[in-house]
Amino acid sequence: MNKIGFLAIFALVISSQIGSGIFMLPISLAPYGVYSAFSWIISGCGAISLALVFALLCAKFPETGGPHVYVKHAFGPTAAFFVGWTYWVISWVSTTAVIVASIGYITPLFPGDIQNVRLFLEILLFTVITLINLRGATTAGSVELLLMIFKITALLAIPITALFFFNRNNFVTSEEISSLATSQILARSTLLTMWCFIGLESATAPAGSVNNPGKTIPRAIVLGTICVAIIYFINSFSIMGLINGNDLAHSKAPYVDAIKIMFPGNWHLIVSVVAFIVCIGSLNAWVLASGQVALGLAEEKLMPQFFARRNKHDSPFWGITISSIGTAILLILTSSNNFASQITSIIDFSVISFLFVYLACSFAFLKVATQDKNYYKLLIGGVATAFCCWIIFETSIGTLLISSLFTASGIPIYLFWYRRINIKNFSYSV
């Protein structure tokens, strides 16, 4: 079986983190002025600590599936089932937003209103990406590498050019934000910037399809996350220095506005193409990850065994197919404008669910580090755990409760399949 190497995994780490959010985050950060720069430093350090946690866990347990593998070794199969189920569900639910955003960014290239064919274009794009992933992890990894090269080139060229128009007076802190204590300001802005690093762990999912995963994946996670932090900081800092904070806060497309300031004419249309390709890279990464997570869960007998079946390209056929069907159903439901806003809220809640998964893995890492009596690892695990707890603490109770529904949705599967199967196996063994 052909396996993917470091560059493809490195591309997967970058693409899973850099998606449509990079084009809209400057709007959310605009009211925070210069505080946003400090929030990037804080969230970047937190993300790197989490990257180190996943890197070291993967080095110790280089198995397909990702987060649930580490929880299983630390806390047993039941905890692993719920962590794995949560991670699998939110991986394909979150994919919906990426698809919608992808088509949304290329609408300026079409004459007239494309609302009538929007759903068709979304399904078409998703079908193409799904078929690429059904050709195997090697094909998906090669596509990801090409997309990453374009993505990094564009996301460095635009902000570096914007630095020539930089004006520090454009950093304006809104009156509402200025009235808060410094700790509150940093907490709120860091919550925003941390969302951009969601997906840093996705490269651990296809471990079984990677050359020397115990070394390749950890290096890719750490180096990739550092690169992501640099790209986000440069982009946010330069755009906020180019456009006045008050104008930026009311912008609908900050990168389009930035191009219009720097270059006259229709050059802003290039942003549509760049954003579309950035989203495709993120979409490809998440489709690959969702299939591999389902495969890993099935191999651990935490999900029905048909999820472990592979096609002739060694791709987890049912894992990708069923994940894609779930995403397609959500796409159809979001074609209604009224329901779309509800789905968007659900996807927002899924981000909190990712933090639950990160926290579980951080606890698993602390347990492993304690058993190994490694104080360096304990320090890393402590920082990552404290960071996750801080973000969750700053989140409203209502959001936390709704986010927990992703985990709770696995209870019927646990009671009517997983638990029964394990009790049956136990009785046979006795």
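**Exercise 1. Classify aspartate 372 by accessibility and find its salt-bridge partner.**

Aspartate 372 has 36% relative accessibility and therefore counts as partly exposed; buried means under 20% relative accessible area, exposed over 50%, and partly exposed in between (1.4 Å probe, protein chains only). The model is predicted: local features need pLDDT of at least 70 and side-chain atom pairs pLDDT 80 or more, while totals for chains, interfaces and linings use all residues. Residues are numbered from 1 along each chain as its sequence is written, and side-chain values use heavy atoms, with hydrogens and water left out.

Next, take the partner. A salt bridge is a side-chain nitrogen of Lys or Arg within 4 Å of a carboxyl oxygen of Asp or Glu. Aspartate 372 meets lysine 60 in such a bridge, at 3.8 Å from N to O. Because lysine 60 lies in helix α3 and aspartate 372 in helix α15, the pair ties together parts 312 residues apart in sequence. Helices are DSSP runs (H or I, at least four residues), numbered from the N terminus. Lysine 60 is partly exposed too, at 41% relative accessibility.

**Exercise 2. Describe the salt bridge of arginine 118.**

The partner is glutamate 122, with the closest N and O atoms 3.4 Å apart. Both residues belong to helix α6 (residues 118-134); they are four residues apart, so about one helical turn separates them. Glutamate 122 is buried, with a relative accessible area of 4%. The structure holds six salt bridges. Among the linked residues, Glu63, Lys72 and Glu300 form a network.

**Exercise 3. State which residues line the largest cavity, and sort them by class.**

A cavity is a set of points, on a 1 Å grid over the protein atoms alone, where a 1.4 Å probe fits but cannot get out; lining residues have an atom within 4 Å of a point. The lining consists of Leu56, Leu57, Lys60, Phe365, Val368 and Lys377. By class there are four nonpolar, no polar and two charged residues; Ala, Val, Leu, Ile, Met, Phe, Trp, Tyr, Cys and Pro count as nonpolar, Asp, Glu, Lys and Arg as charged, and the others, Gly among them, as polar. Helix α3 supplies the largest share, three residues. The volume is about 40 Å³, taken as the space filled by probe spheres set on the points, which are joined across faces, edges and corners.

How values were computed
1 Å grid on protein atoms, 1.4 Å probe; cavity = no way out; pocket = protein on both sides within 12 Å on 5 of 7 lines; lining within 4 Å. Helix = DSSP H or I, 4+ residues; strand = E, 2+ residues; numbered from the N terminus.
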